[in-house]
Amino acid sequence: MSRHEYVGALEAMLARPHDSASLAEYLASNSRLPGPRGNLELAAAFADAMGSCAVQSVWHHVLVEWVAIPADAAPTNDPREFLPFCALLALGATFRAADGATRSEIAALLRETASDPRWRTREAVTMGMQRIGEADRLALRTLIESWLGDATLLEQRAIVAALAHPPILGDRPTVLFSLDVSRSFIDGICSLTPDARHTEEFRVLSKGLEYAVSVFAAAAPVEGFALLRELASIDDRDVRRIVRSNLGKSRLSRPHPTQVAEMLRLVGG
């Protein structure tokens, strides 16, 4: 089925707010899990349908319950993991229309779940945040600012991955904010101990930064290359790897070959 066709089927189910069991069964049975790729079209359609649902507030507690399904009950690649995945996207889609208390609850759920042991569930946090940003750039920046003072490595990864989303980067304040956040996170890397740099959490954050900075730099080349030049001067093996990886992305190397070649020389690329 197409995303549009899924939306039609889901809207009919959402009109029956007391039958969450049938909706859960439909999502799980059509999740394409186990498998290498979940049914992203269905998840997106669910978020679309929930975002436009006239009774979305009635469904909010169901979404919260699905997010709370733990990893031991719905491990990675299990069809039931698709329920928190879909719920996190839907919470992002309903954020703008929610009242203040509900927004605060959604923000807290996203932050808590950013450190979930399941990679697919963590990715849903990123996608839910992107839904917020697509509807309201300022709301996403405000949410992220509330995390910044003490964000864990996995929370930092969720932030940079959420921001590295071209549909929200046509907004210059968001691009400059993204570059500032990247600088802050990379500065933090320099203070990490060797043991901290050998953790899975650090690997995940590093992989995110290895592409995200190039997305921001492509949207604001003057400021982006200034940041990359600044980072290239840091005598840190991991930081230099992050810079080299971003410079190797075609989104930078094709339109700015001279600048990229010059900076690769600085980092030994």
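Trainee: Is A97 buried or exposed?
Mentor: This is a predicted model, and in it A97 has a relative accessibility of 62%, so A97 counts as exposed because the cut-off for that word is over 50%.

Trainee: Which helices do F46 and W66 belong to?
Mentor: F46 lies in helix α3 (residues 40–51) and W66 in helix α4 (residues 56–67), so the pair ties together parts that are 20 residues apart in sequence. F46 is buried, with a relative accessible area of 0%, and W66 is buried as well, at 7%.

Trainee: What about F82 and F85?
Mentor: The rings of F82 and F85 have their centres 6.0 Å apart and their planes at 10 degrees, so that pair is stacked. Both residues lie in helix α5, three residues apart, which is about one turn of the helix. F82 is buried at 1% relative accessible area, and F85 also counts as buried, at 3%.

Trainee: New topic: how many salt bridges does the structure hold?
Mentor: The structure holds 18 salt bridges. In one of them R111 pairs with E155, with the closest N and O atoms 3.2 Å apart. R111 lies in helix α6 and E155 in helix α9 (residues 153–163), so this pair ties together parts that are 44 residues apart in sequence.

Trainee: And R111 and E155, buried or exposed?
Mentor: R111 is buried, and E155 is buried too.

Trainee: What do R203 and E200 do?
Mentor: Their side chains meet in a salt bridge, at 2.7 Å from N to O. R203 and E200 are three residues apart in helix α11, about one helical turn. R203 counts as partly exposed at 42% relative accessibility, and E200 counts as partly exposed at 43%.

Trainee: Which residues are joined into one network?
Mentor: Salt bridges that share partners join R197, E210, D236, D238 and R241 into one network. Within it, the side chains of R197 and D238 meet at 2.8 Å, N to O.

Technical notes. Residues are numbered from 1 along each chain as its sequence is written. This is a predicted model: local features need pLDDT of at least 70, side-chain atom pairs count only at pLDDT 80 or more; totals for chains, interfaces and linings use all residues. Side-chain values use heavy atoms; hydrogens and water are left out. Buried means under 20% relative accessible area, exposed over 50%, partly exposed in between (1.4 Å probe, protein chains only). Helices (H or I, at least four residues) and strands (E, at least two) are DSSP runs, numbered from the N terminus. Rings of Phe, Tyr and Trp (its six-membered ring) pair if their centres lie within 6.5 Å; planes under 30 degrees apart count as stacked, over 60 as edge-to-face and the rest as tilted. A salt bridge is a side-chain nitrogen of Lys or Arg within 4 Å of a carboxyl oxygen of Asp or Glu.
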